[in-house]
Amino acid sequence: MSHIFISYSRKDLAIAEKIIDALAKDDLVPWVDWKSIPKGETFEIEIQQGIEKAEIFLFLVSPDSVQSGWCNKEVAHAVKNGKRILPIVIRDADLKSIHPEISNRNWIFCRDGQDDFNKAIEETRNTIYTDYEWLKYHTELQVKSLKWEQKKDNSRLLRGKELREAEQQLAEIGAQEDPQPTKIQREYILASQKEEVRARRQVSIGLAFGLVIVAALAIFSWTQRNTAVTEANSRATAESNAVAEANARATAQANAEEQANIALARQLAAQAQSIFLSGNSKQQTAILLAIPSMSLFPNVEAAQTLQNNILAKPITRFTQEGGVFSVVFSPDGKFVVSAGCDDDPGSRFCSKGTIHVWEVSTGKEITRMENSGAVSSISFSPDGRYVISGSSDGEACVWESDTGKEMACMFHSFEAVNSVAFSHNSKYVVSGSWDGSARVWEAATGREISLLTYGYGFRGVTSVAFSPDDKYVVSGISDGTVQVWETASGREIARMTHDAGVSSVAFSPDGKYVVSGSRDNTARVWDVATGKEIARMTYDNIVELVVFSPDGKYVVSGSDDNTARVWEAATGKEIVRMTHDDYVNSVAFSPDGKYVASGSDDNTARIWEATTGKEIARMTHDDRVTSVAFSPDGKYVVSGSLDGIIRLWEATANKQKTLMIHENQVNVVAFNFDGKYMVSGSDDNTARVWEAATGKEIARMTHDDHVTSVAFSPDGKYVVSGSWDNTARVWDATTGKEIARMIYDQYVSSVAFSPDGKSVVSGSLDNTVRVWEAATGKEIVRMTHDEIDPSTHDDEVFSVAFSPSGKFVASGSTDNTARVWDAATGREIARMTHDAGVSSVAFSPDGKYVVSGSGDNTARVWEASTGKEIARITHDAGVTNVAFSPDGKYVVWSSEDNIAHIGGATTGNEIIRMTQDDFVSYIAFSPDGKYVVSGSKNGTTRVWVYHPEDLISEACSRVTRNLTRTEWTQYIGDALPYQATCPNLPIELEITITPTP
């Protein structure tokens, strides 16, 4: 049997032979297709068998091998058979072209003239001989499994010692071993186990029959009877042992399957993260890989991909029969109009252009208008009553938006109408055509008001727009001219010139300026009155579209250099650059100017922060995105694509449920008992009560210094707050009225209500923990030093909490301890020691445990009655806050690295991470345990989804499709049968080709 299969391109034959000769010196026998296929044998079958029998799969990476269909087939077969795959780079290749099973593995570099050949061969040998006995056994088992699979011949199944060895091998394989057991190997061993159990049962039945005979003979011989009974008991014991062994093997099989699921989950999570972190247009694929990873085995990597994804949530979809070229919202946002070609979106010629009006709330088609040519430009009238369309058949037509009735048409010879627009008073329309003319006409009648002719064929009008006061029209022309002219008379006001054709023009909101984008790779701002150039922005390719921001200060432009850019209109200074993976066809500002939408040939539409260029949301289609637009209220974005789908999306992809903002750092947040309200404390000296669902402020309470701690009373009627003004105060939660005040000699760092609401516990930088009467502020007990039980902290107290029974209090201090006290007497019950100051403490819901967070980079779970450590969570930074989930299964902690974490309460295993833009100052669970709320130094309070099933559900509500069969084969292979990642979406049908008789 050959040890190695070598996959290579024929163009790399010389280096392949050199590597083979070097490995052969170490008795490593290669399988190569030029000398290992017997004459007359089927080529592909022999290659597959060569891979199956090899113990390691060597892939020589080069530009030719990664593009080779044969080589990729060989890789796929090696993956299917669970081979250890070792890529050797002999020539640098394009990473995007490399098969993911090759790109995801560690490479050995053996490039001629760049790398040490002998070192590369040595690395190869070391990799081959790593866990070599398992490698040999894996190959042997795979060959046996495949032979059994061909005919399902039970005579080929494992028995006795062979079966025990296989079970032992699989039981000892860890999740990180390479290679992992294959699906067919597991099926083979399971079938062997079932066959052995069946055989044992048959033997048992035969033995039972023998017992009947023995029993009959026992009539004649008492001694023989006793012997038979003894033998029967022995056989029964043997059968019982056999069943026990079978159960043990079944358990081992279940464990093996669980380990396989864990390994697959980690593989999918790694693939998902790799795609996600690349930032390319395939983010939806990353999410579709993270979902099954999270389903198979919840893990941090998959959770991070789901938690941090920026896919916008699709609200409604409208489907045309062909490609969509343009989409626009009605002025009131209730309708969307789309235009395109319904018969052949991929052709330059179209015999059936259509305009559709859709109801946003229902997705219902309101009306449809048809043209004899593709419709590329559309616009709603400002009053929403009409739609104007420009088509390739040379017509510009006005239609009633609710009925589709044609009101008027203007014919521009037989050349395409490229651009149409309504005047702001809805009375007039302007159209520009490849026939070399721009025309203003009366919307209701089609009567021509003015005409500008530039010259047929060579000076087509590509873009037109009205000034805000409708007095002027600007035209962009294919010869590079930008012309401003009087609406009523056609008289020229100003003329500006680019060095190549103009693709887009627009007026500024005040009408003083015009912006133009051109094929000369520039966008320019011009003074309308003088025609003087004000600013210029230079690109690396054609500028397709330009738009002013609502306030006129900025311009956004989209270019064939794959970027959308925001720049200062007055200076041409670039503010931000947003990058797609292909041409940018469409751009738009949100109504408030805060965001930019862009559509691209990379099949995505994206939302960006206009001032930072940060990507906020992403919308994915199955073909090029041709047009994007914001709704008038800015809540939604509509996108049109050549895939024939118009989609309505939420304008942001934020999975945070609400956002509440203080004027300074948020130090602490807490929910009331039913989760409807939240209270937060801030360095802006206020504590505020908010409606959790909406973020609406209900009440505001003001201290004289920073508010460091807040809590609701159990009935939600009151709030207690602690402050650097040396006071703790009780307030009415609905009015903000002060009820009671407790005064210290130092800052109050932490406060909490007792479960019955009658008492308040507080911790201070004066080293004390005190319990007070909530209604009056009267001190009840102070945890102080005495002769019998020295129980004061030796340093500042930063956190306090009541136990669920109200009998005990926990506290954390900079003296490196967390302590449990008797709430009535102040007696110390237990002491827990960290290696640095303790910043936060909390009781579990049943009161049995305490969790503490410390500057020693750990969160620890302790037994409350004894102080015994139960679990430890180690972090890379100091732990600032901790809390138990309401069911006690999880612990949430925040750290100084701007990340909030969730892990198992008894295991300490991290399962979720939530990243904020600044230091996380406080963290807590919602009362129902469904959400986590966090407060940040930058003044924001955020609410997050964290349960694996909720993360999956949330992600499935944002993707628009399942994995295709090709993607499934590429990333998952036969580890699982092809199925819906998201059950709410259809899967790709299997195409079966039936031969024609």
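**Figure 1. Contacts across the whole chain.** Of the contacts that link residues at least 6 apart in sequence, 48% join residues at least 24 apart. The model shown here is predicted, and in it the protein has 14 helices and 65 strands. Burial applies to 55% of its 997 residues.

**Figure 2. A stacked pair, Phe 5 and Phe 57.** Let's zoom in on the rings. The structure holds 6 aromatic pairs, and here is one of them: the ring centres of Phe 5 and Phe 57 are 5.6 Å apart, and their planes meet at 5°, so this pair counts as stacked. Phe 5 belongs to strand S1 (residues 4–7) and Phe 57 to strand S3 (residues 56–61), so the pair ties together parts 52 residues apart in sequence. Phe 5 counts as buried because its relative accessibility is 1%, and Phe 57 counts as buried at 1% as well.

**Figure 3. A tilted pair, Trp 107 and Phe 109.** In this view the ring centres of Trp 107 and Phe 109 are 6.2 Å apart with the planes at 55°, so the pair is tilted. Trp 107 counts as partly exposed, with 22% relative accessibility. Phe 109 is also partly exposed, at 36%.

**Figure 4. Lysines over aromatic rings.** Two close-ups share this panel. In one, Lys 18 lies over the face of Phe 117, 4.3 Å from the ring centre. In the other, Trp 70 has the charged end of Lys 73 over its ring, at 5.1 Å from the centre.

Key. Residues numbered from 1 in each chain as written. Predicted model: local features only at pLDDT ≥ 70, side-chain atom pairs only at ≥ 80, totals over all residues. Heavy atoms only, no water. Helix = DSSP H or I, 4+ residues; strand = E, 2+ residues; numbered from the N terminus. Buried < 20%, exposed > 50% of the residue type's maximum accessible area, 1.4 Å probe, protein only. Contact = heavy atoms within 4.5 Å. Phe/Tyr/Trp six-rings, centres within 6.5 Å; stacked < 30°, edge-to-face > 60°. Lys NZ or Arg CZ within 6 Å of the ring centre and 35° of its normal.
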